[in-house]
Amino acid sequence: MIEIRNISFSYKDAPALKDINLYIAKGESIALIGPNGSGKSTLLKIINGILFPQRGEYFFDGTSITAKRLEDNAFSKKFHKRIGFVFQSSDSQLFNPTVYDEIAFAPRQMGLSEGEIERRVSDLLKLLQIEELRCRVPYHLSGGEKRKVAVASVLAHNPDVLVLDEPMNGLDPKTKRFLRDLLIKLNSHGKTIICSTHDFEYVDGVFKRAVVFSKEHTIIRDDEYGRIISDDEFLYENNIK
Amino acid sequence: MDWLFREDRYEPGSDSLKFIDKSLMSILKILSKIDRLGGQRRGILYGVTPPLKLISTILTVVCVSTSRDATFLLSAGLFVLINLIMLEKSDRKRVLALGITASSFSAVMLIPSMATGNIINSLIIVYKVLLTVSMANILSVSTGWFDVSASLKLLLIPDIFILVLEITLKYIYLLGEISLNMLTALKIRSIGKNNNKYSSISALMGNLFLKSKEMGEELYSAMECRGFTGEYKRVLAFNISRIDAVYAIIVLALTAAYF
Ligand SMILES: Nc1ncnc2c1ncn2[C@@H]1O[C@H](COP(=O)(O)OP(=O)(O)O)[C@@H](O)[C@H]1O
Ligand SMILES: [Mg+2]
């Protein structure tokens with residue numbers, strides 16, 4: 001479903017990804033692991049069609065994703081509907097006047113009826129246990145609450161692929177466990193989960209596969225999650241544990 | 001490296017932190033106002049549906065400014081008075097303070113005209129300024145900003161414009177908060193004499209600018225990821241309650257007195 005072929009990406013002054021190859025099938029749950037600055041966020045942004053690699057190609061369901069292709073509004077909407085992105089910083093993601101409007105944003109973009117939207121939003125508020133936040137202003141919330149709203153607002157368009165950038169960062173243990181259980185549940189219902197992390201607490205049981213990035217911005221290992229996580233020597237050597 | 005692991009004996013020289021304190025205070029003040037965006041308060045006037053309040057306010061402001069009829073102007077004064085009574089105490093104080101400031105300014109400006117004998121007309125103008133400024137502020141204190149911006153839809157303001165307005169509000173808040181944090185950081189690290197506060201502040205502003213650019217870019221991608229391609233529909237949800245009906249009747253009666 002997601003195919004990354006020989007992708008390299010540099011920001012103006014710094015390389016971020018070097019010759020990355022990755023294939024992710026439908027229904028997988030995969031962790032991108034690596035030290036700070038190894039390029040995880042950059043890859044996630046490429047997968048979401050926010051950045052475009054200088055070299056290599058990215059295929060989503062067989063279609064090559066390029067800046068030009070996404071200029072076509074109909075295609076762009078269809079693509080973004082199928083893939084949801086929870087940003088590392090929730091602040092940049094929340095821009096609506098109320099939590100309700102925030103979650104309703106994508107369904108409204110899809111042109112659903114207000115009745116259907118009301119149902120989706122209510123379901124999500126319940127699923128994420130944030131019903132009491134319904135009428136609050138999103139950017140006045142605490143970090144954990146913001147993250148939950150951000151997740152709800154992405155689930156609202158019911159994407160097939162859910163991409164999360166260090167979703168556990170800054171959450172309290174209870175919220176982490178809650179999010180872990182949610183990810184497991186979503187994955188068991190067929191959603192593809194792609195998630196960057198450098199924290200292995202509270203994520204047990206979520207991932208089946210892990211891809212490890214080095215500080216040189218390359219992939220150094222692509223293996224079963226359990227096997228990588230129990231290889232202490234390897235993790236220590238690569239500044240992951 | 002051993003300096004890090006030893007205790008320092010340090011007595012700071014005298015230095016005034018006034019500048020930073022002042023900037024902190026003014027930012028805090030702005031933020032506390034924006035915080036009203038979300039707060040919910042009790043009281044009849046706070047419960048009137050925002051679109052109705054917005055339209056009524058505009059209507060009465062227009063009527064008051066164009067009317068020359070004493071009965072109407074007096075009943076409008078009564079209306080404002082009743083509104084004021086229904087506000088919370090702190091809000092009432094603010095509205096009064098602003099209204100009185102504005103009308104005293106216009107009184108001062110009208111002194112030449114009064115000196116030439118145009119006293120009644122000048123007083124009417126001062127009175128009108130007091131009324132209209134108070135009405136605008138009553139709307140502002142009794143209604144969340146986002147409720148007002150959403151109500152603009154009824155005035156045929158395009159949805160995308162409302163979106164921009166609301167995102168701007170968000171950024172005023174967020175950037176305010178960021179600069180507050182940066183100023184606080186500057187303050188708690190200003191442990192010695194810093195003769196160069198203005199340059200610290202300008203570095204801080206530069207940072208803020210870059211930050212806002214970055215946030216703007218990321219926000220736009222976040223919107224795209226959720227299906228935004230340039231169209232936006234602001235949904236205006238309101239239901240009419242009994243309070244609204246009473247309010248509407250009063251406003252209608254008032255405007256009837258105008259004609
Ligand atoms: N907007 C940007 N401009 C310039 N360089 C950037 C930008 N974002 C990230 N980088 C650089 O690209 C590299 C990879 O960053 P990133 O993908 O954020 O890593 P990770 O998410 O794994 O911590 C880092 O060296 C970082 O400094
Ligand atoms: Mg990152």
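Which residues of chain A does the UniProt annotation "domain: ABC transporter" cover?

A: The model is a predicted one. In the UniProt record, an unreviewed entry, the annotation "domain: ABC transporter" covers residues 2-240 of chain A. Over this span the chain is 36% helix and 24% strand. The C-alpha atoms at the ends of residues 2-240 of chain A are 25 Å apart.

Two helices of chain A can be described as a pair. Helix H6 takes in residues 143-155 and helix H7 residues 173-188, and their axes come within 12 Å of each other. The crossing angle is roughly 15°. Angles under 35 degrees count as roughly parallel, and H6(A) and H7(A) are therefore roughly parallel to each other. The crossing of H6(A) past H7(A) is left-handed.

Sorted by class, the lining of the second largest pocket has 10 charged, six nonpolar and four polar residues.

Chain B carries its own annotation. The unreviewed UniProt entry assigns "transmembrane region" to residues 43-64, 70-88, 119-142, 154-173 and 236-258 of chain B. Among them, residues 43-64 are 86% helix and 0% strand, with end C-alpha atoms 26 Å apart. Residues 119-142 of chain B are 100% helix and 0% strand, and here the end C-alpha atoms are 34 Å apart.

Residues lining the largest cavity include B:Leu45, B:Lys53, B:Phe79, B:Asn83, B:Met135, B:Ile138 and B:Tyr247. Helices H3 (50-66), H4 (70-85) and H7 (119-142) of chain B each supply at least two residues of that lining. By class, the lining of the largest cavity has six nonpolar, five polar and one charged residues. For the second largest pocket, the corresponding counts are six nonpolar, four polar and 10 charged.

Notes:
Residues numbered from 1 in each chain as written. Chains lettered and ligands numbered in written order. Predicted model: local features only at pLDDT ≥ 70, side-chain atom pairs only at ≥ 80, totals over all residues. Heavy atoms only, no water. 1 Å grid on protein atoms, 1.4 Å probe; cavity = no way out; pocket = protein on both sides within 12 Å on 5 of 7 lines; lining within 4 Å. Helix = DSSP H or I, 4+ residues; strand = E, 2+ residues; numbered from the N terminus. Nonpolar A, V, L, I, M, F, W, Y, C, P; charged D, E, K, R; others polar. UniProt positions renumbered as here; feature names shortened; annotations may be inferred. Axes fitted to C-alpha atoms, helices over the stretch in contact; angles between N-to-C directions. Parallel < 35°, antiparallel > 145°, perpendicular 65-115°, else oblique. Left-handed = near helix turned anticlockwise from the far one by under 90°.
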